[in-house]
Protein chains: 2
Amino acid sequence: MSSTDLTLDEQDIHFLLKDWLNVSRLSQYDSFKDFDQETIEMLVEEGLRFATDVVAPSRTESDRHGCRMEDGRVVTPECMKEPYRKGYELGWAALNASPEYGGQGAPASVGLAVNEGINAGNPGLSAHFALTIGAARLVESFGSEELKAKYIERMNRGEFNGTMCLSEPHAGSDVGAGLTTAEDAGDGTYRIKGTKSWISNGDTDLAENSIHAVLARIKGAPEGTGGLSLFLIPHTLVEEDGKLGAWNDVTVASIENKMGLHSSPTAVLKFGENDHCRGWLLGEENRGMSCMFQMMNEARIGTALIGLANGSAAYQNALSYARERVQGTHISKIREPGTPRVAIIEHPAVRYNLMQMKGKVEGMRALLYATANILDDLECLDQEDPLYEDSRMLLDILTPLCKGWCTETGIDVVRTAIQVLGGVGYTKDFPLEQMYRDIRVSAIYEGTTDIQALDLVGRKMTLQNGALFQSLMGRFSSNLEKNRENPQLQAAYQQWEKQCETVYEMAMASKEVVEDRGIEGVALYATPFLKFLATVAAAGFLLEQAVIAVSKLDQLIAEKAVKDSDLEAFLENNPEARFFNNKRITAQNFVDTIVPEAEALLAGAKSRNYGALDINF
Amino acid sequence: MSSTDLTLDEQDIHFLLKDWLNVSRLSQYDSFKDFDQETIEMLVEEGLRFATDVVAPSRTESDRHGCRMEDGRVVTPECMKEPYRKGYELGWAALNASPEYGGQGAPASVGLAVNEGINAGNPGLSAHFALTIGAARLVESFGSEELKAKYIERMNRGEFNGTMCLSEPHAGSDVGAGLTTAEDAGDGTYRIKGTKSWISNGDTDLAENSIHAVLARIKGAPEGTGGLSLFLIPHTLVEEDGKLGAWNDVTVASIENKMGLHSSPTAVLKFGENDHCRGWLLGEENRGMSCMFQMMNEARIGTALIGLANGSAAYQNALSYARERVQGTHISKIREPGTPRVAIIEHPAVRYNLMQMKGKVEGMRALLYATANILDDLECLDQEDPLYEDSRMLLDILTPLCKGWCTETGIDVVRTAIQVLGGVGYTKDFPLEQMYRDIRVSAIYEGTTDIQALDLVGRKMTLQNGALFQSLMGRFSSNLEKNRENPQLQAAYQQWEKQCETVYEMAMASKEVVEDRGIEGVALYATPFLKFLATVAAAGFLLEQAVIAVSKLDQLIAEKAVKDSDLEAFLENNPEARFFNNKRITAQNFVDTIVPEAEALLAGAKSRNYGALDINF
């Protein structure tokens, strides 16, 4: 552990995959038959080592050098080249990609675990890997056999880079207002014309070519998102024999000058300035938005991961610093002369900050890994299986919670970590300064927090007559029924049960709110509701983990015949026992402190304060 | 108004000074006899124009260039020179300084108003001005006549720069652990030896000389803060005739490489590396800490101002952007085809963010201006006057609330403002990106938020048997008694009364907590308590303002004989009426949303969760 190097919480990651989610059960299915417990453990261990040893050393340097434009193309920092190359060589970059097309075919939850490390090591590189897999998967889902053969494997090998192009200068969150056009060229291709902005890794020198997944409107198609089609547009055309051919009239107009995330260029791309940009349709005409949602949903979980990965890394750095840094005396002895100085981890205010960070980080991890594991279930289950539909609904409602809450919470955690370090945390001598800048964008791109909240409240809560929400509440209920009598967690479960009830009441009250103040009244408190629901969901998952942990601790105590009087020393000296005991404390703390904070964001909704709608700014 | 240029909320500032605090009443006292209403208004107006026209243009450039070391001295960005020079020439830099020594002698509240502008214009420059005044005032309070004559006026003219030197590399928050020594040279000076770190403007080329106020331990003095003495140490010695003489053995070892605030160099200074650094005692031996507290308390309010000034500027930029930026359709018409796009200020989620920002900014302004106005009272009142003691107690308890809450809240506001802008808010094309980096340090320096909370809970709440707290509660009570029946604010006052009661209960419960869990139990929730008490105090001040505003609105309506049916149009078109009406909405929103959020930070304290103390990280 160190306050400057990357430390990953391997113990928690392995506990979640093995003891909580039991991911190796998936090996009974054909899709993941090679992923038994031993393989998973080894993969995660080695993947995380790759993250700390190969990826993390590039983080600071890539921030200081950044990307630049040279002769109309993006030049990435030199230090990115080795982790990029090795990422593909060793298989980490395409861990989740289809084995049919050169990927490793690992479960999403296992991929997420490795990517937690890679993302903490260098979030720009992680975004690059993830977006390329996502774009390749779009081709796999919606491309012709020819496109599949031409592109997917080379994307999964890192020869080609993949992007998603939705936003335009005057259509950011409002994708349906996009002006990019497509015209049928009559030869199976379309002539594309338009400008796309905010394109992550929109151009790069790490790969030989960039393959853009672009939303455009075919001439004559309806307005709004319902008239958008999805196109594959290579930067450079690929000949029949696979060789790179002519330039496809994609111009890299500029890259943004950002606060952080300097290892990931954000480009403005112009398609067809010279009228010879060709695009290939992916999926059906006018169905582009629904095709793109596949990639967007993956990207939302990937963006949520920035919150978890950087939050966790920041917590670990702050924890190390708090153990190392000696300053001040213990508060209970502050008036006694000659009292020795202590490490700042002894100070209650520092412990408060560390506890909040720990709870939030483990809450984020619980929420994200559970969601990834649902993706795995969907991969394995038969679509006729009733569990399939339930899982799909859970995935749909959890996705905006992951994106909205984990990014905002990651920002909170890094902010608190800097506070633990004090002045040095504000300097470039420690990595937190960069994390604070890097992580800020996560709550903006892939749909801002407010967009996630609208997706939750305006779509996911109402779809299928509220069935998605009921499915999540159902998961809460079965957790309660199964565990609420657990003697060591009864108080926590009681607290959580009340919070679940409040979630339900607030959701039901929305009808009255609509009667009172129209849909605006509900939309006004959509983001607070998202944050509250996300913490309640995370709390439920942390409680499930705590149930397992207390039972494992009891088992350990019995095995080692630890006497009551020796318990404290046992917990002090046995890292596993300490971990299990901390899970209980963390879950209790989460329901006692973190959920109430999120619930308080709804105080105005409860008292029906619509001042923000009434005011004339 | 603009989303990139600095906009100051002059309407709110004037309302606070005139209608709420009635600062011109101070002109009845000798100290401020020249500051009648007209003079105050003119001063504030012109001072704020200086801020927007002369100071603000330096902000971005000073960030991009930053300070650097050259031949062992600090070189500041070229663009700082003109606002620095003009600030002194025109009197804005020393507005609060003693008229006896070349300052303008303005009330603290008037100075704060102008400094809100200067700080928003360039917080590094504002810090420079404020620290120099603070150091000059230390000389005025504790220096010999010789020192006063030699230094104060030149500091107030900007020829000399002033600093405060407390921290050392191994003693940041723990000042008493400082190792810098002083040895009586027998000629009225002391030989100083030691290293001081985190010295804001520790060296500069804007002034001819730097005058350091340094804490050091005279050989043989006791350990801890009780053995520290305060010394004046010029970088370059000043001869009898005022000419600059020999170098005083003060070495600028390095400056920090920070996330932001690049216009303000943060230096490590070495005193007496060559054994010829001379210092002059300020105040009595071993009383240095209590002398320094004068400057620290001023600096704490000055640091709180960073939160207000930058929060307000960020809110104004976000508000402009929300008015200008057209995207998406009104949510009530989202399903109707052909609905026109609207400015994003129409979207409920954006309005929520703007409302939260507005409330927090006005809450910070209320808290800070009230505190500055108490400083003015103390300047005018006879020390025998019972009001004097009450004001002093209020000042002492409000200071940590200002510093702790306004800095954290300013950070919140800038974060939210970026969210309103979306992607562009993350780029250097808009000023929020820099504000986000600049403002982050405010919660760290001059005592971190947790240090403020310890000062509040460990000292201010217990001093004189709780009299300071009682004095604040007394102010709450008289506000309640006077205004709780106000027909337009009854609901808000009811809500606030409950919050005041909770403050009292939480404070009283601390005895039980000490019995349960020792002083650690209280210290654990000290920062949440600070935030809660600060919001309750700010709410009380906003309610007082709302009482004035609704009465002024009624008056306006009567004067103009506005009919009920025309009220909406009147509020729309009359800026003053709108301002008054918004004050009511803002106060109500503050007690309904912002106070409960802060109260929720105490949920763990209420349920006596001590997990953070129990856990073995």
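How many disulfides does a search of the whole structure find over all chains? The search finds zero, where a disulfide is a pair of cysteine sulfur atoms within 2.5 Å.

Good morning. Before I continue, please note that this is a predicted model, in which local features need pLDDT of at least 70, side-chain atom pairs count only at pLDDT 80 or more, and totals for chains, interfaces and linings use all residues. Residues are numbered from 1 along each chain as its sequence is written, chains are lettered from A and ligands numbered from 1 in the order in which they are written, and side-chain values use heavy atoms, with hydrogens and water left out.

Let us take two cysteines. The sulfur of C500(A) has its closest cysteine sulfur in C402(A), and because the separation is 17 Å, the two are too far apart for a bond. C79(B) is likewise in no disulfide, as the nearest cysteine sulfur, that of C67(B), is 9.4 Å away. C500(A) is buried, with a relative accessible area of 4%. Here, buried means under 20% relative accessible area, exposed means over 50%, and partly exposed lies in between, with a 1.4 Å probe and protein chains only. C79(B) also counts as buried, at 15% relative accessibility.

I turn now to helix packing. Two packed helices are described by the angle between their axes and the distance between the axes. Axes are lines fitted to C-alpha atoms, for helices over the stretch in contact, and angles run from 0 to 180 degrees between N-to-C directions. Helices (H or I, at least four residues) and strands (E, at least two) are DSSP runs, numbered from the N terminus.

In chain B, helix α13 (residues 467-483) and helix α14 (residues 490-524) pack at about 160 degrees, with axes 11 Å apart. That angle makes α13(B) roughly antiparallel to α14(B); angles under 35 degrees count as roughly parallel, over 145 as roughly antiparallel, 65 to 115 as roughly perpendicular and the rest as oblique. Ala, Val, Leu, Ile, Met, Phe, Trp, Tyr, Cys and Pro count as nonpolar, Asp, Glu, Lys and Arg as charged, and the others, Gly among them, as polar.

In chain A, the axes of α5(A) and helix α6 (residues 123-142) come within 5 Å and cross at roughly 135 degrees. The two helices are therefore oblique to each other. From α5(A), N115(A), I118(A), N119(A) and G121(A) meet P123(A), S126(A) and F129(A) of α6(A). These residues divide into three nonpolar, four polar and no charged.

Two of those residues, N119(A) and P123(A), are also touched by N310(A). N310(A) has its place in helix α8 (residues 288-324) of chain A and counts as buried, at 0% relative accessibility.

Finally, we come to the backbone. Most residues other than glycine have a negative phi. N465(B) has a positive phi of about 60 degrees, in the loop between α12 (449-460) and α13 of chain B. N22(B) counts as partly exposed, at 34% relative accessibility, whereas N465(B) is exposed, at 80%.

Methods
Contact means heavy atoms within 4.5 Å. Lists of a residue's contacts leave out its neighbours within four places in sequence.
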